[in-house]
Each structure stands twice: as structure tokens, then as C-alpha cells.
Amino acid sequence: MPELPEVETVRRALANRLVGRRIVSVTARRADLRKPLPRDLTPRLTGRKIVSIERRAKYLLIALDDGSVLIAHLGMSGRLLLFRDGPKPGPHDHVILKADDGSLVYFNDARRFGLLTLTVKERLSRHPLLRNLGLEPLGCGFDGAALGKALSGRKTSIKAALMDQRIVAGLGNIYASEALFQAGISPKRRAGSLGRERLAKLSDAIKDVLMRAIKAGGATLRDHRQPDGELGYFQHDFAVYGRTGKPCPGCDCDVTATGGISRLVQGSRATFYCPRRQR
């Protein structure tokens with residue numbers, strides 16, 4: 001599933017091309033994705049100008065000049081692809097938007113776990129998809145103190161807590177593992193047990209890992225593509241994720257003796273970490 005960096009990469013590419021443009025046509029090639037598409041999707045979008053494209057957690061928020069907001073989620077395999085002269089739509093190109101400069105946006109989703117829905121700006125913060133989301137890790141208020149408050153009293157593991165969208169919004173399996181390694185914190189440690197210094201270190205690590213991933217265009221493991229079709233490259237910079245048995249960056253231990261990076265299953269998800277560096 002695309003995590004925050006992949007969605008932010010998509011947001012930036014769409015905003016650069018589409019903000020200020022008017023939608024001239026909308027083609028819905030099926031009636032539903034994960035959920036039914038709004039029945040009035042085409043008439044409500046057609047003729048509207050795009051005034052901003054923002055992100056909240058893993059959701060894209062496309063604001064229109066009449067106060068409407070199109071909420072998009074990529075699900076497990078969804079992609080938003082930009083074209084000047086689009087190819088013939090394929091079987092997984094479910095919704096196609098055309099802008100007044102000829103730009104085309106294809107919502108492509110082979111597994112159909114993504115969604116598109118509409119709301120209005122005044123109700124956005126109360127929308128069922130958004131109202132329970134936690135801290136925005138790239139927001140100006142995200143620091144060790146804010147993270148500590150969100151984790152206070154939590155008895156679950158820190159890895160599980162970071163992936164809980166009600167605590168930190170947008171983090172998933174990849175970036176939780178990478179941030180915990182960078183901060184030197186064991187994924188098994190109880191979330192509410194971190195002291196002030198370690199919380200500050202973890203919040204800094206989360207922001208740093210996310211920003212580096214965004215700069216690299218996200219990580220392409222299976223389905224993620226940037227809107228121009230380019231792959232993301234952050235998978236080449238993973239410190240621990242998917243690297244079971246390999247040395248971690250800067251490792252000077254005997255991997256044949258230590259076993260290298262370890263893999264642990266937590267909550268049915270694989271966690272990768274270094275037992276010697278993460279405590």
C-alpha cells in the first residue's frame with residue numbers, strides 16, 4: 001500500500017500540473033471501486049476549477065472552486081497517472097479526468113481497493129474518513145512532546161502504535177521500520193515507555209525518513225508509480241526493510257555470527273530491525 005511519501009509524491013506532481021486548471025470532462029468507466037462512486041461525480045466535477053491539491057495522511061484532497069472536495073485514496077495498488085495525450089484506457093483505468101489544457105488523469109487500480117468520494121470543505125474535518133486521524137508527521141506541530149502525548153499510556157508495541165492511523169497518520173510498515181532503526185528503538189518496546197529524549201529522537205527520525213523518501217519519489221516495491229510513470233527509488237536506501245540477514249548500514253559485526261538484520265511478525269505484519277542497535 002502506498003504510504004505517506006508515495007502519496008505526497010503523487011500530490012506534488014498533480015498540483016504542479018492541475019492547480020488552476022478547469023476540469024472539462026469526467027469519465028467513470030465503472031460504478032465502484034472499494035466503495036460506490038458518487039452518482040453525481042461527473043456533473044459535480046465537470047466545469048469546476050481545481051484550486052488546491054492537499055494531503056491528509058494517505059488521502060489526497062482536491063479542492064474545487066465551488067467548495068467541493070474530491071477525496072482520493074489509492075488503496076493497495078491504485079495509481080493516479082498524468083498524460084498529455086493519453087493511451088487507450090486499459091481494463092484497470094476506472095476514472096479519467098480531462099483538464100482544459102489537455103492534461104489527462106487516469107485513476108488506475110487493478111485491485112480496486114482505492115476510493116473516490118466527494119464532500120464539501122466545511123465538512124472535511126468531520127468526514128468519517130478523516131475525523132479520527134492522528135498526528136500529521138510532517139506538520140509543524142509534530143515533535144517529541146506531541147508524539148509522547150499521543151503515545152501516553154499505550155501498552156502496545158511502538159511499531160504497532162506508529163502504524164495506528166489514529167496516533168500517527170500516514171505511516172505504514174516500511175517507514176515505521178526505517179524510522180525505528182534510525183532512532184535506535186526496538187520495535188518491541190512498549191509505546192508508552194519512551195522517555196523525552198527518545199521521543200525527540202524518534203520524531204526527528206520519522207520526519208527525516210519521510211522527507212528523504214519523498215525526495216526519492218517514494219518507494220516502488222510493486223505498484224507505486226509517480227504520476228508521470230516513473231518509479232520511486234527510496235527502496236534502494238532502505239536500512240532494514242526487507243533486508244533480513246544482511247548487515248545494517250555501518251555494521252561492523254560478524255553477520256555470520258549475529259544473523260544480521262532480523263525479521264519479526266507483529267500484528268500479522270513483518271517488522272525488520274537490528275537487535276544489536278535497537279533497544
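**Close-up views of pockets, cavities and helix contacts**

**View A. The lining of the second largest pocket comprises 7 nonpolar, 3 polar and 2 charged residues.** Nonpolar means Ala, Val, Leu, Ile, Met, Phe, Trp, Tyr, Cys and Pro, charged means Asp, Glu, Lys and Arg, and the others, Gly among them, are polar. The model shown is predicted, with local features needing pLDDT of at least 70 and side-chain atom pairs pLDDT 80 or more, while totals for chains, interfaces and linings use all residues. Residues are numbered from 1 along each chain as its sequence is written, and side-chain values use heavy atoms, without hydrogens and water. The residues that line the second largest pocket are Met1, Arg34, Ala57, Lys58, Tyr59, His73, Pro128, Leu129, Leu130, Asn132, Leu133 and Gln165. The volume of this pocket is about 170 Å³. (On a 1 Å grid over the protein atoms alone, a pocket is an open set of points with protein on both sides within 12 Å along at least five of seven lines, a cavity is a set where a 1.4 Å probe fits but cannot get out, and lining residues have an atom within 4 Å of a point; points are joined across faces, edges and corners, and a volume is the space filled by probe spheres set on them.)

**View B. The largest cavity holds about 130 Å³ of space.** The structure has 3 cavities of 30 Å³ or more. Around the largest cavity stand 13 lining residues, and Ile62, Leu70, Leu80, Leu97 and Val105 are those nearest its centre. The class count of this lining is 13 nonpolar, no polar and no charged residues. At least two lining residues come from each of α1, β4 (68-73), β6 (93-99) and β7 (104-108). Strand β7 makes the greatest contribution, 3 residues. (Helices, H or I of at least four residues, and strands, E of at least two, are DSSP runs numbered from the N terminus.)

View C. Leu18, Ile23, Ile50, Leu97, Lys98, Ala99 and Val105 form its lining. Strand β6 provides the largest share of this lining, 3 residues. The lining is divided into 6 nonpolar, no polar and 1 charged residues.

**View D. Helix α1 (residues 4-18) crosses helix α6 (residues 196-215) at roughly 45°, and their axes come within 9 Å.** Helix α1 is therefore oblique to α6. Leu4, Pro5, Glu8, Thr9 and Arg12 of α1 make the contact with Leu210, Met211, Ala213 and Ile214 of α6, where contact means heavy atoms within 4.5 Å. By class, these residues are 6 nonpolar, 1 polar and 2 charged.

**View E. Helix α5 (residues 173-183) packs on α6 at about 130°, with the two axes 8 Å apart.** The pair α5 and α6 is therefore oblique. Helix α5 passes α6 in a right-handed crossing. From α5, the contact involves Tyr175, Glu178, Ala179, Leu180, Gln182 and Ala183, and from α6 it involves Lys201, Leu202, Ala205, Ile206, Asp208, Val209, Leu210, Arg212 and Ala213. The contact of α5 with α6 contains 10 nonpolar, 1 polar and 4 charged residues.

**View F. Helix α3 (residues 144-151) crosses α6 at roughly 105°, and the axes come within 8 Å.** Helices α3 and α6 are therefore roughly perpendicular to each other. Here Gly144, Leu147, Gly148 and Leu151 of α3 meet Leu199, Ala200, Leu202, Ser203 and Ile206 of α6. The residues of this contact are 6 nonpolar, 3 polar and no charged.

Methods:
Axes fitted to C-alpha atoms, helices over the stretch in contact; angles between N-to-C directions. Parallel < 35°, antiparallel > 145°, perpendicular 65-115°, else oblique. Left-handed = near helix turned anticlockwise from the far one by under 90°.
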